[in-house]
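Here are my notes on this one, written for someone new to reading structures. Have the model open and follow along point by point.

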Amino acid sequence: MTLPPATAQALMRRALDLAVRGQGRVEPNPAVGAVVVDDAGQILGEGWHQAYGGPHAEVHALAAAGPATRGATLFVTLEPCCHFGKTPPCSQAVIAAGIRRVFVAMRDPAPHVDGGGLRELRSAGIEVEVGLLEHEAKRLVAPFVQLMTQGRPWFHAKWAMSLDGKIASHTGHSQWITNDASRAIVHRLRGRMDAVLVGIGTALADDPLLTPRPAGLRVATRIVIDSNARLPVESQLARTVSQAPVLVITTPHAPKDRCDLLRQAGVEILVIEADAAGHPSLEAVASELGRRRLTNVLVEGGSGMLGAFFDAGLIDEVHAFIAPKLVGGATALTPLSGRGLDFVPQAASLDAPSVELLEGDIYLHGPLRRDDEPSRPK
């Protein structure tokens with residue numbers, strides 16, 4: 001029996017909703033959801049990848065369905081893996097369960113899969129359809145895909161600003177632009193990140209902790225881009241290395257005694273080649289963080305650091321919190337400094353952003369569309 005298109009879409013959307021539950025728990029693996037149904041579209045079992053190193057979504061769904069998997073249909077948000085890693089290949093589990101038909105939202109572009117799971121399923125006589133709700137699936141696992149194919153993390157740019165686009169007054173005062181509800185979202189964001197990154201200017205001006213409160217799903221490394229290793233050893237960051245790691249990324253020009261002091265305090269020092277301005281090369285930073293298998297990195301500022309990431313083409317997603325306040329001032333900082341673009345862009349727009357009202361504040365967030373990426377169909 002062929003499922004109606006609307007039913008098939010609803011079942012894949014259910015699998016996508018399940019997959020989201022794994023965000024912050026499974027990285028550097030992708031978040032994946034799966035649903036097993038009978039010929040009438042009734043759900044027999046469902047599951048999601050719940051923890052890095054644990055069973056994948058398909059295994060949970062098949063186990064929940066039990067013997068009813070024989071002749072059933074599987075909906076899964078990402079191509080089943082076909083290799084032995086921390087767990088056996090899911091493709092073989094699907095075949096062994098007697099699944100007759102598989103809907104896959106998207107092919108896995110990781111080099112160790114890249115269509116291999118689909119080939120195994122088809123070779124076993126299973127009917128396979130690929131592409132149902134593919135756009136939504138790609139958006140969900142974009143950080144994983146970027147890490148696998150480009151070797152760098154997915155950089156989330158976050159800022160809080162007034163209605164007239166200021167992140168601080170002309171005196172530098174910024175606390176608090178947004179409300180408690182907005183700040184709670186920021187803490188939840190921090191809690192699912194592999195790292196939270198700021199520039200030394202923000203570290204010196206605000207003396208931040210950069211930890212989620214309450215504690216989140218992950219313990220993020222706190223990163224400071226600091227060309228001359230100026231982070232004080234008495235800063236909150238240096239004094240709390242036992243709670244969460246601190247990584248200072250500096251250049252070969254940083255004074256050795258400053259680096260030694262920070263190392264003695266438990267701070268990791270990473271020396272990166274300097275760019276033309278004498279700052280750590282952000283492209284080299286991105287490559288090194290990718291080598292360390294960091295999937296999601298939250299760039300919290302300030303204006304110079306966010307602008308540098310934007311100029312380098314390294315911002316992948318934006319989280320903007322907009323308060324209904326006016327600040328004014330020609331010299332008051334805006335979220336992105338740096339060089340900026342020459343023309344008002346179309347390609348540097350958010351792709352189908354989400355907008356939420358948070359007790360008066362506006363939370364606007366979504367991925368940044370690239371030049372070579374078409375906008376989402378209307």
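1. W176 sits in the loop between strand 6 and helix 7; helices (H or I, at least four residues) and strands (E, at least two) are DSSP runs, numbered from the N terminus. Look at the peptide bond that joins Q175 and W176: it is cis, with omega about -10°. This is a predicted model, where local features need pLDDT of at least 70, side-chain atom pairs count only at pLDDT 80 or more, and totals for chains, interfaces and linings use all residues. Residues are numbered from 1 along each chain as its sequence is written, and side-chain values use heavy atoms, with hydrogens and water left out.

2. Where does P28 lie? Look in the loop between helix 1 and strand 1. A cis peptide bond joins E27 and P28, with omega about 10°. While you're checking backbone, stop at L133, in the loop between strand 5 and helix 5: phi there is near 55°, a positive value in a residue other than glycine.

3. Go carefully over residues 372-378, where pLDDT is below 50. Beyond near neighbours in sequence, that stretch has nine contacts in the model, a contact being heavy atoms within 4.5 Å.

4. Now the five-stranded sheet: it is open, with the order 2-1-3-4-5 and mixed pairing (two strands pair if DSSP finds at least two bridges between them). Strand 2 (43-48) and strand 5 (127-130) are the edges; each has a single partner strand, so one side of each is left without a neighbour in the sheet. The twist averages 15° from one strand to the next. For angles, axes are lines fitted to C-alpha atoms, for helices over the stretch in contact, and values run from 0 to 180 degrees between N-to-C directions.

5. Strand 4 (residues 101-104) and strand 5 run parallel, joined by four bridges, and R101 stands opposite E127 in strand 5. Helix 2 (residues 57-65) packs on this sheet, touching strand 1 (33-37), strand 2 and strand 3 (73-76), and its direction makes about 150° with that of strand 2. Helix 4 (residues 116-123) packs on the sheet too, touching strand 4 and strand 5, at about 150° to the direction of strand 5.

6. The nine-stranded sheet is open and mixed as well, in the order 10-9-8-7-11-6-12-14-13. Its edge strands are strand 10 (268-271) and strand 13, each pairing on one side only. Here the twist averages 20° from one strand to the next.

7. Inside that sheet, strand 12 and strand 14 run antiparallel, with six bridges between them. Which residue is the bridge partner of E317 in strand 14? P367 is. Helix 12 (residues 303-311) packs on the sheet, touching strand 6, strand 7 (195-199), strand 8 (221-225) and strand 11 (296-301); its direction makes about 130° with that of strand 11.

8. Last, the second largest pocket has a volume of about 1100 Å³. Of its 43 lining residues, the closest to the centre are V20, Q23, R192, E317 and H365. On a 1 Å grid over the protein atoms alone, a pocket is an open set of points where a 1.4 Å probe fits, with protein on both sides within 12 Å along at least five of seven lines; lining residues have an atom within 4 Å of a point. Grid points are joined across faces, edges and corners, and a volume is the space filled by probe spheres set on the points. Helix 7 gives the most to this lining, with five residues.

How values were computed
pLDDT is the predictor's confidence in each residue, from 0 to 100.
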